[in-house]
Amino acid sequence: MLRRPGYRKALVLSGLLGIPVSLVAFFFLAALHELERLLWTDWPHHMGHDKPPWWWSLPGALIAGLGVSLVVLRFPGRGGHIPAAGLHSGGPTAAALPGVVLAALLCLPFGAVLGPEAPLIALGGGLALLFRTLARAPATEESSALLGAAGSAAAISAIFGNPLVAAVMLMEVAGVGGPRLFAVMLPALLSSGVGAIVFTGFGHWTGLKTGNLRIGLPAPPLLDWGDVLWSVLMALAIGVAVHYVMRAGRLTAVLVAAHPLRTTVLAALAMGCCPAAYAGITGRSPADVALSGQAALPQLAAHPHSWPVGALVAVLAFKGAGYAFALGSLRGGPIFPAVFLGAAAGLLASPLPGFGVVPAMAAGMAAATAAALRLPVSAVVLVALLLGHTGSLPVVALATVVAFVTTELLAEGPPIPPFRSRDRTRTGTGTGTPAG
């Protein structure tokens with residue numbers, strides 16, 4: 001393939017496209033961050049509150065519902081893909097890019113329980129095809145797929161800060177290798193997780209000694225028997241729970257398709273009621289439930305003991321419900337809410353006998369991410385990046401496989417109604433796995 005002139009030209013163009021696409025992605029993320037800080041930190045402080053009051057999420061939810069519904073009805077591309085259908089590798093047309101950006105700006109900073117990764121993928125892929133057209137490069141089906149994936153990877157690496165995560169995720173989202181990829185990777189993940197446990201050992205038993213590539217980083221906590229046992233059982237429970245949250249999101253999408261304006265607003269308001277109810281019951285900030293959870297995740301990991309059991313149960317219930325409403329009605333990505341929910345579930349389960357906080361949260365994040373995205377390899381790589389060490393990767397691999405297999409064996413639920421946008425490009429179809 002490298003000997004083909006067309007592929008070499010596309011490879012060079014992909015490298016050049018990474019510069020403008022990454023810059024646009026950076027400023028897009030910066031705008032989202034500044035709006036979120038303004039709405040959820042600065043304005044409450046200016047009003048004399050040390051944290052947002054309990055009702056703070058309701059006006060934002062109304063703005064998000066009205067804004068996204070108008071974008072869906074009036075703009076080409078309908079604001080991007082429906083989050084309940086998962087991630088998509090294909091970029092929209094140039095005409096659809098304004099709707100994608102506007103829909104994200106109108107809902108994500110206002111408390112939508114979604115992340116920015118799906119708009120970034122659409123933005124990067126669409127920009128790559130736009131720049132290809134401006135450069136008058138030949139447009140073929142192969143070059144469109146290659147450049148679209150390259151642009152999406154360049155954009156999404158801006159949020160993860162790591163090109164490996166972006167490359168692996170786009171590979172799985174695009175379905176490279178088809179069903180054979182999962183048929184090969186699942187046994188590989190499972191056996192490698194079990195093998196890592198043998199060679200790292202349980203507790204103070206160091207296992208068999210072999211050569212390794214360790215370069216002197218601080219050693220993570222040693223795994224114990226409880227870490228493995230509870231990780232597998234917890235991954236099974238998380239897989240079932242996240243599956244039904246995603247299924248509720250698909251049902252919401254079906255209802256929204258029947259009456260877009262009315263149902264989008266009602267679903268957004270229902271999502272906004274979840275942070276308000278959580279704050280009213282627990283006395284904590286509604287921001288724990290609203291937004292993607294990306295900013296709250298480091299706080300959860302750094303101060304796990306500041307979260308009482310009641311608050312963890314409440315945040316799981318209300319953020320899970322808000323996540324389901326947002327998945328089917330608004331525009332954004334499904335990754336970070338799933339990661340946060342998994343971390344909270346792991347922290348809640350960590351007092352079990354022999355279960356450490358670090359492996360519990362690691363396994364929980366991996367299980368929830370794999371169940372929500374149906375991308376097992378991406379889940380392992382993403383959680384490894386978040387952890388910053390490899391000590392918990394054996395339970396991460398086991399939890400990923402268990403959660404993924406669990407969700408695959410459960411009934412898929414109602415299919416998301418396909419639609420054709422004004423630019424006549426088909427959206428709302430599946431991801432790396434069938435959407436229904």
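Where is Arg78 found? Arg78 sits in the loop between α2 and α3 (97-107). This briefing describes a predicted model whose chain has 15 helices and 2 strands. Of the 436 residues of the chain, 51% count as buried. Among contacts between residues at least 6 apart in sequence, 78% join residues at least 24 apart.

**Annotated transmembrane regions**

- An unreviewed UniProt entry lists residues 12-33, 53-73, 94-112, 147-170, 182-207, 228-246, 307-328 and 335-355 under "transmembrane region".
- In the model, the span of residues 53-73 is 81% helix and 0% strand, and its end C-alpha atoms lie 32 Å apart.
- Residues 147-170 are 92% helix and 0% strand, with end C-alpha atoms 12 Å apart.

- The largest nonpolar core contains 102 residues.
- Leu87, Phe160, Met169, Leu300, Trp307, Tyr323 and Leu330 are the residues with the most contacts inside this core.
- Trp307 lies in the loop between α10 and α11 (309-329).
- Trp307 counts as buried because its relative accessible area is 9%, and the cut-off for buried is under 20%.
- Leaving aside residues up to four places away in sequence, Trp307 touches Tyr278, Arg284, Asp288, Leu300, Leu312, Val315, Phe340 and Leu347.
- Trp307 and Leu348 are separated by 41 residues in sequence, and their C-alpha atoms are 9.1 Å apart in space.
- Leu300, with residues up to four places away again not counted, touches Trp307, Leu312, Phe340, Ala343, Ala344, Leu347 and Met361.

**The second largest pocket**

- The second largest pocket holds about 860 Å³ of space.
- Its lining consists of 34 residues, of which Glu36, Leu291, Gln294, Ala295 and Ala296 lie nearest the centre of the pocket.
- Two elements, α1 (5-46) and α10 (296-302), are those that give two or more residues to the lining of this pocket.
- The element α1 gives the most to this lining, with 9 residues.
- Sorted by class, the lining of the second largest pocket comprises 17 nonpolar, 10 polar and 7 charged residues.

**Enclosed cavities**

- A search of the whole structure finds 2 cavities of 30 Å³ or more.
- The second largest cavity contains about 60 Å³ of space.
- Gly79, Gly80, His81, Val100, Ala118, Pro119, Arg331 and Gly332 line the second largest cavity.
- By class, 3 of the residues lining the second largest cavity are nonpolar, 4 are polar and 1 is charged.

**Residues with positive phi**

- Most residues other than glycine have a negative phi.
- Arg78, although not a glycine, has a positive phi of about 55 degrees.
- Arg374 is located in the loop between α13 (357-373) and α14 (376-387).
- Is Arg374 buried or exposed? With a relative accessibility of 10%, Arg374 counts as buried.

- Leu73 belongs to helix α2 (residues 57-74).
- At 33% relative accessibility, Leu73 is classed as partly exposed.
- Leu73 and Pro260 are 187 residues apart in sequence, yet the distance between their C-alpha atoms is 7.7 Å.
- Thr263 is placed in helix α9 (residues 260-282).
- Thr263 counts as buried because its relative accessibility is 14%, which falls under the 20% cut-off.
- Apart from residues up to four places away in sequence, Thr263 touches Leu255 and Val256.

Terms used. Residues are numbered from 1 along each chain as its sequence is written. This is a predicted model: local features need pLDDT of at least 70, side-chain atom pairs count only at pLDDT 80 or more; totals for chains, interfaces and linings use all residues. Side-chain values use heavy atoms; hydrogens and water are left out. UniProt positions are given in the numbering used here, feature names are shortened, and annotations may be inferred rather than shown by experiment. Helices (H or I, at least four residues) and strands (E, at least two) are DSSP runs, numbered from the N terminus. A nonpolar core is a set of buried Ala, Val, Leu, Ile, Met, Phe, Trp, Tyr and Cys residues joined through side-chain atoms within 4.5 Å. Buried means under 20% relative accessible area, exposed over 50%, partly exposed in between (1.4 Å probe, protein chains only). Contact means heavy atoms within 4.5 Å. On a 1 Å grid over the protein atoms alone, a cavity is a set of points where a 1.4 Å probe fits but cannot get out, and a pocket is an open set with protein on both sides within 12 Å along at least five of seven lines; lining residues have an atom within 4 Å of a point. Grid points are joined across faces, edges and corners, and a volume is the space filled by probe spheres set on the points. Ala, Val, Leu, Ile, Met, Phe, Trp, Tyr, Cys and Pro count as nonpolar, Asp, Glu, Lys and Arg as charged, and the others, Gly among them, as polar.
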